[in-house]
Amino acid sequence: MFRFALAALAALMIGPGAALAQQGPLHIEIDEGVIEPLPYALPSFVAETGGASEMAAQISQVINADLSGTGLFRQIPENAYLQRFSSFDTPVSYADWQAINAQALIVGGVSTSGGKVVVKFRLFDVYSNQQLGDGQQLAASPQSWRRLAHKVADVIYSRITGESGYFDSRVVYVSESGPKDKRLKRLAIMDYDGANVNYLTDSSTIVLAPRFSPTGDRILYTTFETGFPRIKLMNVGNVSGQLLPEVPGTMTFSPRFSPDGGSIVYSLEQNGNTDLWKMSASGGAPTRLTNSPAIETAPSFSPDGSRIVFESDRSGGQQLYIMPAGGGEPTRISYGDGRYGTPVWSPRGDMIAFTKQAGGRFFIGVMRTDGSEERLLTASFLDEGPTWSPNGRVIMFTRESPGAGGGAQLFTIDISGRNLKKVGNAGGASDPAWSPLLP
Amino acid sequence: MNFAPKAVILLAVLGLAACNNPDKYGSGNGVVDPGGVYGGGDGSVSQGSISDPNSPAYFNATVGDMVHFVVDQSTLNDEARNILMGQAKWLNAHGKYSAIIEGHADEQGTREYNLALGARRASAVQEFLISQGVSASRLRTVSYGKERPLAVCSSEDCYSKNRRAVTVISLGAGS
């Protein structure tokens, strides 16, 4: 629930994109499990130049969608507002906002000139009668207006929760179309909320399980373009790609970057046996990390790069194991009923998300890195492939519906297990991978 | 702040599939995806007539191009071994052909694990064919995991058909 401190908040200079940690009178403690969202008011941002009103309305809309979409905030409808802002600098009448039970108020202005969109905003703590943090101004080219809105929402989220946001981020995934036995797959990128879809490949060949580099500028994925599974490294900026070298007669798949972007861990199959290997992202001889007759795949680095969690069926069924990043004796961490796969280390380092199969159902869950405190967040006919939001608060995953007409779509769930939502309105989609917060 | 937009351009052309692209998904009954969307192109073999014992069509339909597996396993049962003995006999008698063995899994599994599981199944078939005298150089394996189901329902009826390895005949005596 909301915690209200009595101490007055010192105004902070807040650099854009910085992770914020201050606590003030207006504060949501996410760990306590927010059930009742915080009511806020956001009067549509003031158009400060002629012709900016449509842009101001759109930016306001996206900020509202970001904040409300978390399940932590609830926008009070604009027709309930008692005070109108004719200018960005109109003094706030706190009583008018207290009267409608708004706890936070966001006031903004938008101007467009010289090929730039400029957004200014201030956040007010209504019950403390004061501004929360300094006002901020952000500028971008008109085609990046959504990023401006996401940046504003990230700052607001951050000031109220004390954690960094996740709205100005993107997701690489596999776009799906066509019937189940002839499914067409192509690599695509979208904003985290499903907007701005761009296709990176055509649908002439099967592509699977893309992953961003730590800086988001490169993508690793598996492609059948040679007729056999191979790993491809793509530069997002110019959409050029190259197949990674491989040993003839083997299959390579399941590639992941190390947190420093310098190396790639992946699965290599030879004579029916799949093990984990590692190669430098800049070339050089691969080294072997596991050596067992079992299937070892779906690796994921710890954020500090020192360890790798992966799945192996060496004990009979798929289970999760952690080993040093250079290889070595793995420690099993999953011991519950059923099978555990696709482990993904959280960006905060404290948890591992996974896919679980038990009793003919699929679940997305999280556990501590020692395997304790397992919690299942979702359940369905087929949920798989979790990926973490940059702040480690939300998980996106693939949900596939059963039957001949079944298809895959992307969903998000809060790690509290609340706020299950479908992502975007696009058609079929699978294998999401969340980017870091954009710079 | 720098808001320079990242230009993302639609990739217009991908490299065409290599000439030995298998991609037949075990269509069985002599019906092979003739290139088509996933088209292998050059690797497609003239299938000939089912009644001609020397034709790939006969191999597919009469010898049997497909064996099946139980859930999460790659063990060959007696029925599978019988079919594979027939395949080996045919391949040993028709040296101008080679084969790509496709391994598949049903949808009850995670994507990457199923790729590895399909590879296990394909490899089990490959090893058995080699044990029956087929030269290793004529056999390649590939796994499609759960990406290319043959049957599309979500029950054991279909799953049992999808847990398969398919021997796809191609021209050439191998590498």
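Reader: Start with chain A. What percentage of its 439 residues is buried?
Author: Buried residues account for 49% of the 439 in chain A. Keep in mind that this is a predicted model.

Reader: Noted. How many helices and strands does chain A have?
Author: Chain A has 3 helices and 31 strands. Its radius of gyration is 23 Å, close to the 22 Å from the globule rule for 439 residues, so chain A is as compact as a globular protein of that length.

Reader: What box do its C-alpha atoms fill?
Author: Roughly 75 × 45 × 45 Å, taken along the principal axes.

Reader: And contacts? What share join residues at least 24 apart?
Author: In chain A, 46% of the contacts between residues at least 6 apart in sequence do that.

Reader: Which strand is joined to β29(A) by 7 bridges?
Author: That is β28 of chain A, residues 394-400, and the two run antiparallel. In this pairing, A:Glu400 stands opposite A:Ala408 of β29(A).

Reader: How many bridges join β29(A) to β30?
Author: There are 2, again antiparallel, and β30(A) covers residues 421-422. A:Thr412 has A:Lys421 in β30(A) as its bridge partner.

Reader: What do β29(A) and β30(A) form together?
Author: A hairpin, with 6 residues between the strands. In the turn, A:Gly417 has a positive phi of about 90°.

Reader: Switching topic. In what order do the strands of the open sheet with β11 of chain A run?
Author: The order is β11-β12-β13-β14 in chain A, 4 strands with antiparallel pairing. The edge strands are β11 (207-212) and β14 (240-243) of chain A, each pairing on one side only. On average, neighbouring strands of this sheet are turned by 25° against each other, direction ignored.

Reader: How many bridges join β13 to β14 there?
Author: Strand β13(A), residues 230-235, is joined to β14(A) by 4 bridges. A:Met234 stands opposite A:Gly241 in β14(A).

Reader: Last one, chain B. Which residues does the "OmpA-like" domain annotation cover?
Author: Residues 56-173 of chain B, according to an unreviewed UniProt entry.

Reader: How much helix and strand is in that stretch?
Author: Residues 56-173 of chain B are 45% helix and 22% strand. The end C-alpha atoms of the stretch are 14 Å apart.

Notes. Residues are numbered from 1 along each chain as its sequence is written. Chains are lettered from A and ligands numbered from 1 in the order in which they are written. This is a predicted model: local features need pLDDT of at least 70, side-chain atom pairs count only at pLDDT 80 or more; totals for chains, interfaces and linings use all residues. UniProt positions are given in the numbering used here, feature names are shortened, and annotations may be inferred rather than shown by experiment. Two strands pair if DSSP finds at least two bridges between them. Axes are lines fitted to C-alpha atoms, for helices over the stretch in contact, and angles run from 0 to 180 degrees between N-to-C directions. The radius of gyration is taken over C-alpha atoms; the globule rule is 2.2 Å times the number of residues to the power 0.38. A residue is buried if 20 or more other C-beta atoms lie within 10 Å of its own, exposed if 12 or fewer, and partly exposed in between; C-beta atoms are placed from the backbone. Two residues are in contact if their C-beta atoms, placed from the backbone, lie within 7 Å.
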